[in-house]
Amino acid sequence: PGQGSQYLNMGRELARISPIVREVLADADAVMTPILGRSLSSYIFVEDENDFGAQLELMQTAVTQPAMLALDIAIFKLLAHYGFRPDMVMGHSLGEYAALIVSGIMPFADALEAAAARGSEMTRVSMNDNGKMAAVLAPIDEVDTILKQVDGYVVPANLNSHAQCVIGGESRAVEQAVELFTQKGYKALEIPVSHAFHTKIVAPAGVALRKVLDRLQIASP
């Protein structure tokens, strides 16, 4: 959430100086206003950027995801304007949707709708334990070894490099894993999220999201 907030703050600065960024955000507003009940940019641009209530609204997953996706595409178009064009694209999690747009697999409007649905459906998942996530600085082989010592469900959710990953799972299992990593001398820190994303805990969201994806345009890259 902290990184997302910083990213969107950067988007505000870019929009102030770039007509290209403003144009992309206007296109996003046209798609998202009927879905959100207000414009996407109204969440991003607030009179008082230190307004905690406004920040909380922006950090709703169903708002944050399309907002960050819109900014991804705004930055892509800004770079293209200056002659920077990718030979290939890739992305992880929400970044996959940006890659889908840039590679021509999904139209911008469809990907925005999918991102919003993805966020809202994950938010709707409600269990006795919505789980936790934690960032871990340790070799992946060591992560696998330590997680096998934990009682309960916890898995490597995001493999970011050979020496850094994010784990997710049942709350107590993640807490126990963090304790074990710390005891072994590795840095492990819980991440403030509403659910254990990229784990089976949020899998029920896939059923409703599938229905949205089935009616959207998906082409070959």
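Author: Helix 6 passes helix 7 in a right-handed crossing; a crossing is right-handed if the near helix is turned clockwise from the far one by less than a right angle, and left-handed if anticlockwise. Helices here are DSSP runs of H or I with at least four residues, strands are runs of E with at least two, and both are numbered from the N terminus. Please keep in mind that this is a predicted model, in which local features need pLDDT of at least 70 and side-chain atom pairs count only at pLDDT 80 or more, while totals for chains, interfaces and linings use all residues. Residues are numbered from 1 along each chain as its sequence is written, and side-chain values use heavy atoms, with hydrogens and water left out.

Two packed helices are described by the angle between their axes and the distance between the axes. For helix 6 and helix 7 (residues 108-124), the axes come within 9 Å and cross at roughly 170 degrees. An axis is a line fitted to C-alpha atoms, for helices over the stretch in contact, and angles run from 0 to 180 degrees between N-to-C directions. The angle makes helix 6 roughly antiparallel to helix 7 (under 35 degrees counts as roughly parallel, over 145 as roughly antiparallel, 65 to 115 as roughly perpendicular and the rest as oblique). On the helix 6 side you will find Leu 94, Tyr 97 and Ile 101, which meet Phe 108, Ala 111, Ala 114, Ala 115 and Arg 118 in helix 7; contact means heavy atoms within 4.5 Å. Sorted by class, these residues are 7 nonpolar, no polar and 1 charged. In that scheme Ala, Val, Leu, Ile, Met, Phe, Trp, Tyr, Cys and Pro are nonpolar, Asp, Glu, Lys and Arg are charged, and the others, Gly among them, are polar.

Helix 6 also has helix 5 as a partner: their axes are 10 Å apart and the packing angle is about 40 degrees. That makes helix 5 oblique to helix 6, and the crossing is right-handed. Gln 65, Met 68, Leu 69, Asp 72, Ile 73 and Phe 76 of helix 5 meet Leu 94, Tyr 97, Ala 98, Ile 101 and Val 102 of helix 6. The contact holds 9 nonpolar, 1 polar and 1 charged residues.

Now look at the loop between helix 5 (61-81) and helix 6 (94-102), where Ser 93 is found. Ser 93 is not a glycine, yet its phi is positive, at about 60 degrees. It is buried, with a relative accessible area of 15% (buried means under 20%, exposed over 50%, and partly exposed in between, using a 1.4 Å probe and protein chains only).

Ser 93 leads us on to His 198, whose contacts beyond four places in sequence are His 92, Ser 93, Arg 118, Ala 157 and Asn 158. His 198 sits in the loop between strand 4 (187-191) and helix 10 (205-214). Its phi is positive too, near 60 degrees in a residue other than glycine, while its relative accessibility of 35% counts as partly exposed. Ala 157 is 41 residues away along the chain, but the C-alpha atoms of His 198 and Ala 157 are separated by 5.4 Å.

Ser 18 occupies the loop between helix 1 (2-17) and helix 2 (19-36) and is buried, at 6% relative accessible area.

One further pair is worth a visit. Helix 8 (residues 140-147) and helix 9 (residues 171-183) pack at about 125 degrees, with axes 10 Å apart, which makes helix 8 oblique to helix 9. This crossing is right-handed. Glu 142, Val 143, Ile 146 and Leu 147 of helix 8 make the contact with Ala 177, Leu 180 and Phe 181 of helix 9, giving 6 nonpolar, no polar and 1 charged residues.

Of its 221 residues, 43% count as buried.
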